[in-house]
Amino acid sequence: MRILILGFCAFCLWGCGSKGGDSGVKVEKSTAVFDWKMVTTWPKNFPGLGTAPEDFANMVRQMSGGRLNIKVFGAGQLLPPFEVFDAVSQGTAEMGHGAAYYWAGKARGAEFFATVPFGLNAQEMSSWIHHGGGLQLWREMYQPFGLRPFAAGNTGVQMAGWYNREINSMADIVGLKMRIPGLGAEVLSRAGALAVNMPAGEIYTAMQTGVIDATEWVGPYNDLALGLHQVAEYYYYPGWHEPGVVAELIVNVKSFDSLSPDLQVIVEVAARAINQNMLDEYTAKNNQALKELVKAHGVKVRRLPESVLLELRNIANKVISEQANQTELTRRVAASLEKFKSEVMAYHSISEEAFYKARRAD
Ligand code: CA
């Protein structure tokens, strides 16, 4: 019964979303069975990021009645985490789960589909992608690589990261060796830090051995799981560099095209489901984890000074406009994002922001 209901919902969503008003069209159901591999950039079953692909695979198997079976591989199980994009592009695996900013060296401007410093939050990113033209641009960017992207998770606003010294001014950032990906890394580099990227599985050891002396990862729920409180004293907020990171699902286009229309819709709907569910999970778990970090582990939570945030925002604006000017496509992506941001901020200033302020006790 559950499968029937899910299947019916999937059909409705597809009908309404793609054609509008043709919900009477019959979808041909193929009996072909597909056994696929999904490679991920996350440690196997890592909370949220790693469990979402497993949830996705389970949903797809149930909705398809066992016609599309996806085996999920954690980072390093089948291939190194940062080889996911190439592996799915080449068809070594049919699917991948990661984040677009890991592939900026391959698809120029891919960072814009993960997160932008001082940019959109989770709700706004999802809105831009699904109702603001973002998804069409994202597909255009990945098309030369034979990949079809889907939004498939979001962390919400992250934390600014873990440090072993207090950050009181921009001078405290100079010389920091920090793990940070994406456009945030470029911002910190220009502020005088040495920014490096590395996958989740390497961060703890890199901090412990002094390869890096600061790191960001996600937020309390995930950072507690990595044990970062054991290797750093200060936990800074807000995550100016990653205000709502989109986790992405990538599917090899040839593989996707080989699926019957109903299986394609199942993939699309399951991606939408984990896109929301990951954010729900973080919203529920971050607060508990933060309490544990502070009460049980003595972590010192600090806010970045206003002057530092202001300077980082000035640098970020320059970095974003330079990254936007790489190609004709990156110009269109950045322009679309910027237009969406200014429009959504205008309304959110009198809705979300005004409400947050109104409900505070102080
Ligand atoms: Ca992060």
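Tyrosine 163 stands opposite tyrosine 234 in β9. The model is predicted, so that local features need pLDDT of at least 70 and side-chain atom pairs count only at pLDDT 80 or more, while totals for chains, interfaces and linings use all residues. Residues are numbered from 1 along each chain as its sequence is written, and side-chain values use heavy atoms, without hydrogens and water.

Strands β5 (residues 161–163) and β9 (residues 234–237) pair in the antiparallel sense over 3 bridges; pairing requires at least two DSSP bridges between two strands. Strands (E, at least two residues) and helices (H or I, at least four) are DSSP runs numbered from the N terminus. An open sheet of 6 strands has the order β7-β6-β8-β5-β9-β11, with mixed pairing. Its edge strands, β7 (194–196) and β11 (300–303), each pair on one side only.

Beyond four places in sequence, the contacts (heavy atoms within 4.5 Å) of Tyr142 include Phe85, Trp103, Pro149 and Glu248.

Asparagine 154 lies in strand β4 (residues 147–154). Asn154 has a relative accessible area of 3% and is therefore buried (under 20%; exposed is over 50%, partly exposed in between; 1.4 Å probe, protein chains only). A polar atom of the Asn154 side chain lies 3.3 Å from the backbone oxygen of Gly244. Leaving aside neighbours within four places in sequence, Asn154 also contacts residues including Met125, Val246, Asn275 and Tyr282.

Terms used:
Polar contact = N/O pair within 3.5 Å; in protein donor to acceptor, adjacent residues only side chain to side chain.
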